Amino acid sequence: HSISGSPSVAQSNDCNVALLNVEGEGVMIGATLATHAASCIHTAKYVYREFQENPGIGVDDMFLSNHPYISTPHQTCAVIVAPIHWESKLIGWSGAGIHLPDVGGPVPGQVAVGAQSIFEEPTPMPPVKLVEAGVIRKDIEEDWLVRSRTRAQNALDMRAKIAANNTIKRRVLEIVGRYGPEVMASVMERIIEVAEARLRSVLKELPDGTWRYTGYLDYNDRGQTTFYTCKLAMTKEDDSLTFDFSGSSEQAPAVINCTPVTLMSSMMIQMLNYFGYVIPLCPGAVTRVVKLVAEPGTFVNSTWPAGASKGTTAASYTVRHAVATCVSKMFAASPAHRRQLLTIAQGQMSLSELVGTDQRGEPFGGVFMDACLTGGFGARSFKDGVDSGGPLAGARISIPNVERNEFRYPILYLFRKHGMDTAGPGRFRGGASTGYAFTPHDVDRIPNHTVHGLGYQVPTALGLNGGYPGNTNQFLAKRESNIWELFGAGIMPADIEGVSGVTEIPPGISFSYLNRADVYWELGSGGGGYGDPIEREPDQVLTDVVNGLVSPEWAERIYGVVIDPRIPAVDGEATRGRREAIKGERRASATLPPGPGSPESPGAGSPDSPGDVVPVQDINEFIQIVERGGRRLVRCRCGEILGPAADNYKDLLAVYEGPCSRSGPHTLTTVAEPRYVYREFYCPSCFLLHDVEVVEPGAAVERDVEFKV
């Protein structure tokens, strides 16, 4: 932090470190952005496998890489790994990674907008020996720095990683000097073994079965939006997990793809997140337990020369969402582990990058993560998501304060605050996201402004068990605005509606500029909700309205809570009436399934049929598999027997298809004819909302859970 000086490192912790064993397995990583630590693992494994003879792995050497097919998720993440020797014998590795503002290529910043292959993106550097016997090689350093528009910052970041590695190495060698290399090797192996054993023990307690997920990624390339489908079938058997991404869409030409190393990293990071309550930050435990299956040439497992300059926040996040959802569905099926589930945190990330000449006449480049690191956290089965909690990417991440960014860059903030009606509604709502706006300051023009946000035209922060998704990412610019007239009148706008000008809505990934009177506004994605929104405690909805997180209109429309604005207070009688009306609307609009006992669903019986009902397996806390008279059946929480357990339980529910804008005002603002709809599933008796899907109209109902019972 001290050496880099970059706000994204010093205040956002967009960096990490790792301690690895001799073969490069992850023993322990830091608590900041896990992506960088995972990249260290891939790099060390490659160097150990390929470089022992030529160029050799010597004492006090270090290796630099930003290669998406070897090391990192994209080119603007760079890592340096260092072998650790004791008396000339390799005993382990240290590693450090940082996200950089620019590493060259045709477009300033992170994303090579419009690229059609990796050859049109920043040139990747495979692992090279940057430090030899403790001395930085000037030829390699120059080759690295000459590529970038932010040379000075990249030089500092490079030295920050070298310093981190030296610190790790020094501390490891102090331990080895006290206890010996054999003890150190034994302890590192024992850490992985214990973490692996604890992970396997939890998996044994969970039901065997297969859980499925289908999600979508919208990518705007040269004016055309293409939608990519991610499919995952997660199978848990005994003490092991298999993640199978077969059936996912073919790879994109460039920019958004997830390379093989990024696929592994994304799965590993999410497993550490969701099982962190029983295992430490030990990646080696995950890779020993989990099997990964993915077809080469897909956007979740791309092949050369598909580009990946946005690989860290594109398909990789789609993979994380898939893993998160399937693991949470598995937790939901176990009362003992249900508290560990977490809906998707914030969905896709939205970022903005500025590159140009700052207010001091110096070149600058900055990644603005105000919205992408402060989206809404996912809901739990027992509490709301954290407002502006950020992505599930690392424990110690944050955003720079406004004053720091204004000092460092030629901008002036108008506001930065929670976004109203952004949290995914539910019995427990997701966290609200963050919105902000700024204008250029002390410069006439910022020539390079790159917007890159996915989850722009389709919701991606899905909820669970009746919870709605969080909002989609939103962006716009007010060109030739009246902001300076407002300033002159002593007015500081508190929202983008308070600024007039020519509204320009940029594509999700686009390259532009900002002039002195322009204002840029961005709103990140909220977290997914949990449970039926009309079961939320009315007083909790009132608190959200008072705090500006939910509008009175949407409190009534989706939560069924009527607020008396004069006090403010919940109108209890009106709320009861509104919630009954919502159930009536569901009953009137839904397509009912075949009735129990009908020829289409033979022998299911009714709730008052003779015979004892014995619970067999929860699907989640609202619906379960039971046994009666030797038959396995599905039963709603209300007691309604829905049909045979051999059927897809969703085929036994009432279903409705409607617009994605059903969950809030910030869902779709840029698509004239939305491609996706919400599909809602209700109990045909009590009309409890059991599940919400985002699907193409008319798509087959996915069987998202199958138990081995």
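C638 is partly exposed, since its relative accessible area is 41%; buried would mean under 20% and exposed over 50%, with partly exposed in between (1.4 Å probe, protein chains only). Keep in mind that this is a predicted model, where local features need pLDDT of at least 70, side-chain atom pairs count only at pLDDT 80 or more, and totals for chains, interfaces and linings use all residues. Residues are numbered from 1 along each chain as its sequence is written, and side-chain values use heavy atoms, leaving out hydrogens and water.

Now for the cysteines. A disulfide is a pair of cysteine sulfur atoms within 2.5 Å, and by that rule the count here is zero. C638 is in no disulfide, as the nearest cysteine sulfur, that of C636, is 3.7 Å away. C372 has no partner either: the nearest cysteine sulfur belongs to C77, 12 Å away. With 0% relative accessibility, C372 counts as buried.

Next, have a look at helix α2, residues 34-50. Helices (H or I, at least four residues) and strands (E, at least two) are DSSP runs, numbered from the N terminus. Among the buried ones are H36, C40, I41 and V47.

Then there are the aromatic rings. Rings of Phe, Tyr and Trp (its six-membered ring) pair if their centres lie within 6.5 Å; planes under 30 degrees apart count as stacked, over 60 as edge-to-face and the rest as tilted. That gives 22 aromatic pairs. Take W211 and F707: their ring centres are 5.7 Å apart and their planes sit at 85 degrees, so this pair is edge-to-face. It links distant parts of the chain, with W211 in strand β8 (residues 209-221) and F707 in strand β30 (residues 705-707), 496 residues apart. W211 is buried at 1% relative accessibility, and F707 is buried at 14%.

The Y228 and F299 rings make a tilted pair, because their centres are 5.5 Å apart and their planes at 35 degrees. Y228 lies in strand β9 (residues 224-237) and F299 in the loop between β11 (290-293) and α9 (315-332), so the pair ties together parts 71 residues apart in sequence. Both Y228 and F299 are buried. Elsewhere, ring pairs link F364, F368, Y409, Y413, Y436, F438 and Y520 into a cluster.

Terms used
The expected span of a helix is 1.5 Å times one less than its number of residues.
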